[in-house]
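Please look at the sequence and the structure first.

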Amino acid sequence: MRIRGDRREFGNPLRAVLERPSVTIILVAVLGGILLMACAQIAPSPTPTEMPTPTPEPSPTPTTDIYTQQRKRMVDTQIRARGITDEAVLRAMETVPRHEFVLPRYLDQAYADHPLPIGYGQTISQPFIVAWMTELLDIDQGDKVLEIGTGSGYQAAVLAEITDQVYSVEIIEELAKSAEERLKRLGYTKVKVKHADGYYGWEEHAPYDAIIVTCAPDHVPQPLAQQLKDGGRLVIPVGPPGGYQSLWLIIKQGDQMLSKNLGGVRFVPLTGGH
């Protein structure tokens with residue numbers, strides 16, 4: 001705005017105020033106070049050494065490995081479901097690491113419902129058959145048991161989970177040696193393994209509370225019957241090689257042998273010079 005006669009000029013009034021030195025000082029002070037207040041409300045970030053160390057979450061440790069799960073499934077679906085009720089037998093089957101007794105190429109089938117080759121024309125029996133024959137022996141802790149046909153040592157290990165007196169005879173030297181080493185490595189140090197013809201048993205440690213035969217002769221070997229103690233039990237498959245075989249439970253009572261045919265089975269033949 002321009003006034004004639006006075007010749008004074010009025011421009012921007014705010015600019016006029018700011019050009020006064022006293023106003024400038026006041027404004028700077030006010031702005032500085034605002035900045036200090038803003039900074040005071042922002043907490044400084046801690047240095048790396050001040051950062052709290054987080055408590056690490058414990059990593060989950062698997063309580064069972066894959067084979068433990070497979071054993072439990074094997075017992076539940078193949079053994080318990082088929083009528084095996086002896087708790088000692090069920091615990092033994094769930095405890096013994098069957099995968100340790102099979103050849104590496106059959107590892108994925110270790111707990112399958114069928115027998116498996118172990119070399120030298122021999123097999124490791126189907127899990128159910130192992131459990132069934134063990135239950136038929138009706139053994140307790142402290143009973144003396146003879147096994148004919150050690151194979152890979154699996155049946156002997158199952159027996160050793162129930163009693164600490166297990167004797168096993170294997171006619172194939174390589175299998176006898178490897179089974180003995182395997183059993184010792186797995187902690188079954190009380191199992192005694194002998195390389196010999198199983199037809200003749202193991203007279204040195206007779207009489208036995210129970211004898212189990214895991215290969216099939218075509219008749220009941222007389223030496224085995226003689227090595228049973230009175231009241232002892234013999235579980236044995238009998239039949240010609242490649243022919244029909246039956247599983248027998250034989251109980252010795254004095255001079256008599258009471259026999260019961262339990263049905264058809266299939267085992268490798270009992271070999272030897274008899």
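Y167 and W202 are both buried. They belong, together with Y208, to one aromatic cluster. The model is predicted, and it holds six aromatic pairs. A pair of aromatic rings is described by the distance of the centres and the angle of the planes.

**Pair Y167 and W202**
- The ring centres of Y167 and W202 are 5.6 Å apart and the planes stand at 85 degrees, so this pair is edge-to-face; the cut-off for that class is over 60 degrees.
- Y167 is in strand β4 (residues 165-170), whereas W202 is in the loop between β5 (192-195) and β6 (208-213).
- The pair therefore ties together parts that are 35 residues apart in sequence.

**Pair Y167 and Y208**
- Y167 also pairs with Y208, with 6.2 Å from centre to centre and 65 degrees between the planes, and this pair is edge-to-face.
- Because Y167 lies in strand β4 and Y208 in strand β6, the pair ties together parts that are 41 residues apart in sequence.
- Y208 is buried, as is Y167.

**Charges over rings**
- R82 has its charged end over the ring of F128, at 5.4 Å from the ring centre.
- Over the face of Y154 lies R98, 4.9 Å from the centre of the ring.

Technical notes:
Residues are numbered from 1 along each chain as its sequence is written. This is a predicted model: local features need pLDDT of at least 70, side-chain atom pairs count only at pLDDT 80 or more; totals for chains, interfaces and linings use all residues. Side-chain values use heavy atoms; hydrogens and water are left out. Rings of Phe, Tyr and Trp (its six-membered ring) pair if their centres lie within 6.5 Å; planes under 30 degrees apart count as stacked, over 60 as edge-to-face and the rest as tilted. Helices (H or I, at least four residues) and strands (E, at least two) are DSSP runs, numbered from the N terminus. Buried means under 20% relative accessible area, exposed over 50%, partly exposed in between (1.4 Å probe, protein chains only). A charge sits over a ring if NZ of Lys or CZ of Arg is within 6 Å of the ring centre and within 35 degrees of the ring normal.
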